[in-house]
Amino acid sequence: MNPPRLTVRRIRARGVEVPLRLPLGTSAGALRSAPLLLIDLETEEGVTGRSYLFCYLSAVVPAIATLLGELERSVKGDRIATADLWGKLARRFKLIGVQGIVRMAMSGFDCACWDALALAAGKPLVTLLGGTPRRIRAYNSNGLGLMAPEAAADEAERLLEGGFGAVKLRLGYPTLAADLAALRAVRKRLPDAVELMVDFNQALSLPEALERGRAIDSEGIAWIEEPIRHDDFRGCAELARELATPVQIGENFSLPEQMAEALAAKACDLVMPDLERIGGVTGWRRAASLAAERKLPMSSHLFPETSAHLLAVTPTCHYLEYVDWASAILAEPLRIVGGEAVIPDRPGTGVAWDEKAVKRYEMA
């Protein structure tokens with residue numbers, strides 16, 4: 001790979017609040033809109049790389065934007081060499097720690113850098129990384145939160161639009177009986193060939209997870225996601241040993257180093273890193289190597305536009321998590337055909353703004 005020479009000129013950040021087409025209720029709280037931070041990395045050569053961050057809370061958006069201003073002061077005038085820039089920024093923030101919103105800001109910047117490099121090269125990101133644009137199997141992760149069983153079954157049927165062959169259900173109701181009622185209502189309504197994943201969003205203690213995991217082992221589930229606290233690798237390892245259903249974790253891995261700790265502890269059967277936590281494209285590539293070493297299937301968490309490119313060059317590519325949260329502000333949203341994400345055959349990641357929509361949803 002011989003990326004073009006580009007120089008950092010400016011980082012622009014704008015917050016938007018995008019309403020969700022399907023509100024999402026989880027054991028950790030309800031989500032009716034997505035607070036996104038849009039990043040434009042301008043270069044001296046006239047190329048602008050773009051990315052976005054999902055900020056979880058609207059109040060966090062201006063804080064990350066402020067951090068991006070500090071990033072700009074640190075790297076303005078530097079050549080875009082992604083590993084070098086990550087190292088420089090890691091040293092800059094060493095005393096406060098490359099964690100939390102610092103890591104998110106750095107990751108968003110890294111993704112924008114890779115987009116700029118691919119745009120300047122006139123290639124899709126996947127091609128710049130040594131692959132070719134192709135379709136990536138996806139599961140529909142929109143909606144399907146905590147709700148009455150029949151309402152969940154109705155929504156699950158809606159999620160099959162676009163030809164999806166897999167959907168994800170949130171669990172973590174107050175009781176095992178309620179979890180089973182929702183799960184069985186959804187499973188009964190879906191065709192047998194459709195895979196069903198379940199996500200507890202860290203709702204359970206280890207004893208509860210063992211009890212509920214054993215209870216749903218025979219329910220035809222593709223994986224059990226984050227049943228307990230995400231960083232309890234010893235507990236996760238016990239679940240992976242004791243349960244027949246694969247245990248999926250990874251959206252909360254903080255950089256590849258923590259993923260390496262989890263894999264050393266045998267904490268899971270499957271992994272699904274998140275771009276803004278694993279360290280952007282640069283961190284993802286290292287994570288993919290770790291998964292390949294242990295032959296662990298690797299899926300993505302959120303950010304389907306860029307993640308599709310990365311999964312196409314991930315040796316143990318498993319599933320793309322599809323959410324449409326950014327589609328409302330994108331000029332050309334990611335297409336799903338026959339349940340697969342279609343990587344666009346155009347330069348960059350495919351992330352570009354619909355400026356009219358951005359203005360409509362822009363935060364004050």
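**View 1. Secondary structure of the predicted protein chain.** The predicted chain holds 13 helices and twelve strands. Both are DSSP runs, numbered from the N terminus: helices are H or I with at least four residues, strands are E with at least two. Residue numbers start from 1 along each chain as its sequence is written. In this predicted model, local features need pLDDT of at least 70, side-chain atom pairs count only at pLDDT 80 or more, and totals for chains, interfaces and linings use all residues; side-chain values use heavy atoms, without hydrogens or water.

**View 2. Overall dimensions.** Along the principal axes, the C-alpha atoms fill a box of roughly 60 × 45 × 40 Å.

**View 3. The largest nonpolar core.** This core has 124 residues. L36, F109, M259 and I329 have the most contacts inside it. Helix α3 (residues 100-121) gives the largest share, twelve residues. A nonpolar core is a set of buried Ala, Val, Leu, Ile, Met, Phe, Trp, Tyr and Cys residues joined through side-chain atoms within 4.5 Å. Buried means under 20% relative accessible area (1.4 Å probe, protein chains only). Of the 364 residues, 59% count as buried.

**View 4. Surroundings of M259.** Not counting residues up to four places away in sequence, M259 touches F253, V271, P273, I278, A287, L290, A291 and M298. Contact means heavy atoms within 4.5 Å.

Note on methods: Buried means under 20% relative accessible area, exposed over 50%, partly exposed in between (1.4 Å probe, protein chains only).
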